[in-house]
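Let's take a walk through this structure together, starting from the inside. Have a look at it first, and then we'll go through it piece by piece.

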Amino acid sequence: MHSHSQERRSLLLTAIAAGACLATKSVLAEDRPGSDERPQKGDLLVISEGEQEGQVIKPGDLKLGGPPLRAWPKDPKTSVIRNGSRLNEVLILKLDPADLDETTRTRAAEGIIAYSAICTHAACPVSEWVKAEQGNKTILKCPCHNSEFDPRQNAQVVFGPAPRRLAALPVAIADGALLVAGSFVGKVGGQAG
């Protein structure tokens, strides 16, 4: 009798250990296939920080004229949020479509545009939405070395050392949600070297 119950106990412990191992695995986003893939056409966009983190962004969540929301792409089929690479973070803005130049407008949906959140200079996060050095337009600014980008003109550099514009992410609206409409246009990330 005695040996039987001991055997059962060790079996139970093994099962518990195996269960715990499985539980920790599914929690780790890094292990999830697709989390470090670049945004794909059809991906949803979810808020990447703050209280609403992980929530799908709807066009109505964006204030006209900014500030931008920081977002990750999310695979709608697997529900994997593509946050395995910081190069996937984007800034989403809603501006008056009449203010956008032609190229920008082709990638926008009802004035909503998305750009890489990574500065093309030293790969710092572009985190400020402020008045430009010149003129009174509000622009995207990287606080590291003060590079400024005009989101109305395809995020071209208007001030500072950044060598090129921010990569643009085309967006579309379907079923009341904001979707990725294609892959990044332009190189994502900072200067090599």
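A nonpolar core is a set of buried Ala, Val, Leu, Ile, Met, Phe, Trp, Tyr and Cys residues joined through side-chain atoms within 4.5 Å. Buried here means under 20% relative accessible area, exposed means over 50%, and partly exposed is in between (1.4 Å probe, protein chains only). A word on where this comes from: the model is predicted, so local features need pLDDT of at least 70 and side-chain atom pairs count only at pLDDT 80 or more, while totals for chains, interfaces and linings use all residues. Residues are numbered from 1 along each chain as its sequence is written, and side-chain values use heavy atoms, with hydrogens and water left out.

Now to the inside. The largest nonpolar core has 19 residues, and those with the most contacts inside it are Ile-113, Tyr-115, Val-126, Leu-140, Phe-149 and Leu-166. Two or more residues each come from β3 (90–94), β4 (112–116) and β6 (138–142). Those labels are DSSP runs numbered from the N terminus: helices (H or I) have at least four residues and strands (E) at least two. Apart from this core lies another one, of 17 residues, with Ile-57, Val-90, Ala-167 and Leu-169 among them.

What does Ile-113 touch, leaving out residues up to four places away in sequence? Counting a contact as heavy atoms within 4.5 Å, its partners include Leu-91, Ile-92, Leu-93, Pro-151 and Val-171.

On to the charges. Side chains of opposite charge can pair when their charged atoms come close. A salt bridge is a side-chain nitrogen of Lys or Arg within 4 Å of a carboxyl oxygen of Asp or Glu, and the whole structure has eight of them. In one, Asp-43 meets Arg-82 at 2.6 Å, N to O. This pair links distant parts of the chain, 39 residues apart: Asp-43 sits in the loop between α1 (2–27) and β1 (44–47), Arg-82 in the loop between β2 (69–74) and β3. Asp-43 and Arg-82 are both buried.

Arg-152 pairs with Asp-150, with the closest N and O atoms 2.9 Å apart, and both residues are buried. Through shared partners, salt bridges also join Glu-37, Asp-43, Asp-75 and Arg-82 into one network.

Last stop: Val-157, in strand β8 (residues 156–159). Is Val-157 buried or partly exposed? Its relative accessible area is 28%, so Val-157 counts as partly exposed. Beyond its sequence neighbours up to four places away, Val-157 touches Glu-148, Phe-149, Ala-162, Arg-164 and Arg-165.
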